[in-house]
Amino acid sequence: MFINAVGKACPIPVVMAKKELDGGCTDLVVAVDNAIAVQNLTRLASGRGLNVSSEEQDGGFHVHISGTGAPAAEGTAPPLAACGPQGCGYTVFIGKDHLGEGDQELGYNLLRMALFTLSQGDTLPASVLFMNGGVRLPAGEDAQVLESLQALAGRGVDILVCGTCLNYYGLTDQLKIGTVSNMYDILSHMQEAGKVLSL
């Protein structure tokens, strides 16, 4: 099956592909026009244990997904809070590069300390999600911020960074830590969490 997702904004190509895969499609080609969409589709396929390849074609990319697959084996999960009716554990959402309102420098330093404290804690989040101005943190040069995020990732925490936001701020090539992600994946992590902490 062929899907023409050229010109479609994130996360539409992923949603279109997922719909066909959920419907039983085992041989799918998705045409997209940017590398971030290729990465997102590759993650979708890999997460399902499917074969995936991509090639440049017609000024864009064709992503080929095939196989029946199975969910990929998960790595060692961080210790999470107990599951409840609303889900398991918690996730942290960071939508700006400072904490709270008021003085920007103070807010930035507070967020740096929050990330450090989080990385040293006993009960880790399942994921840390960056959107809008928050993407400046994993794409920045602040050694303490990057060390805290690296420590979280090393302990099994998913670090997801909005690809559309990175592109908007011209930071796509500067991402230091984390996985370029999309609205679909980020919202899925929020929906699956028992609670979401917004910093």
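Predicted model: local features only at pLDDT ≥ 70, side-chain atom pairs only at ≥ 80, totals over all residues.
**Second largest pocket**

I looked up the second largest pocket and got a volume of about 260 Å³. Its lining has 18 residues, and C10, N34, I36, A37 and T164 are the closest to the pocket centre. I then checked which elements give two or more residues to this lining, and they are helix 1 (12–22), helix 2 (35–47) and helix 5 (163–168). Helix 2 supplies the largest share, at five residues. By residue type, I have eight nonpolar, eight polar and two charged in the lining.

**Helix 6**

Next I went to helix 6, residues 183–192, and noted D185, I186 and S188 as buried. Looking down the helix axis, I find the buried residues within an arc of 160 degrees, so they line one face of helix 6. What do the buried residues of helix 6 pack against? My list reads helix 2, strand 6 (127–130), strand 7 (158–162) and strand 8 (179–181). I also checked the start of helix 6, where N182 has a side-chain oxygen within 3.0 Å of the backbone nitrogen of Y184.

**H62**

Last, I picked out H62, which sits in strand 4, residues 60–66. Is H62 buried or exposed? Its relative accessibility is 14%, and the cut-off for buried is under 20%, so I put H62 down as buried. For its contacts I skipped neighbours within four places in sequence, which left F2, V29, V30, A31, S53, S54, E55 and Q57.

How values were computed: Residues numbered from 1 in each chain as written. Heavy atoms only, no water. 1 Å grid on protein atoms, 1.4 Å probe; cavity = no way out; pocket = protein on both sides within 12 Å on 5 of 7 lines; lining within 4 Å. Points joined across faces, edges and corners; volume = space filled by probe spheres on them. Helix = DSSP H or I, 4+ residues; strand = E, 2+ residues; numbered from the N terminus. Nonpolar A, V, L, I, M, F, W, Y, C, P; charged D, E, K, R; others polar. Buried < 20%, exposed > 50% of the residue type's maximum accessible area, 1.4 Å probe, protein only. Arc of directions from axis to C-beta. Contact = heavy atoms within 4.5 Å. Polar contact = N/O pair within 3.5 Å; in protein donor to acceptor, adjacent residues only side chain to side chain.
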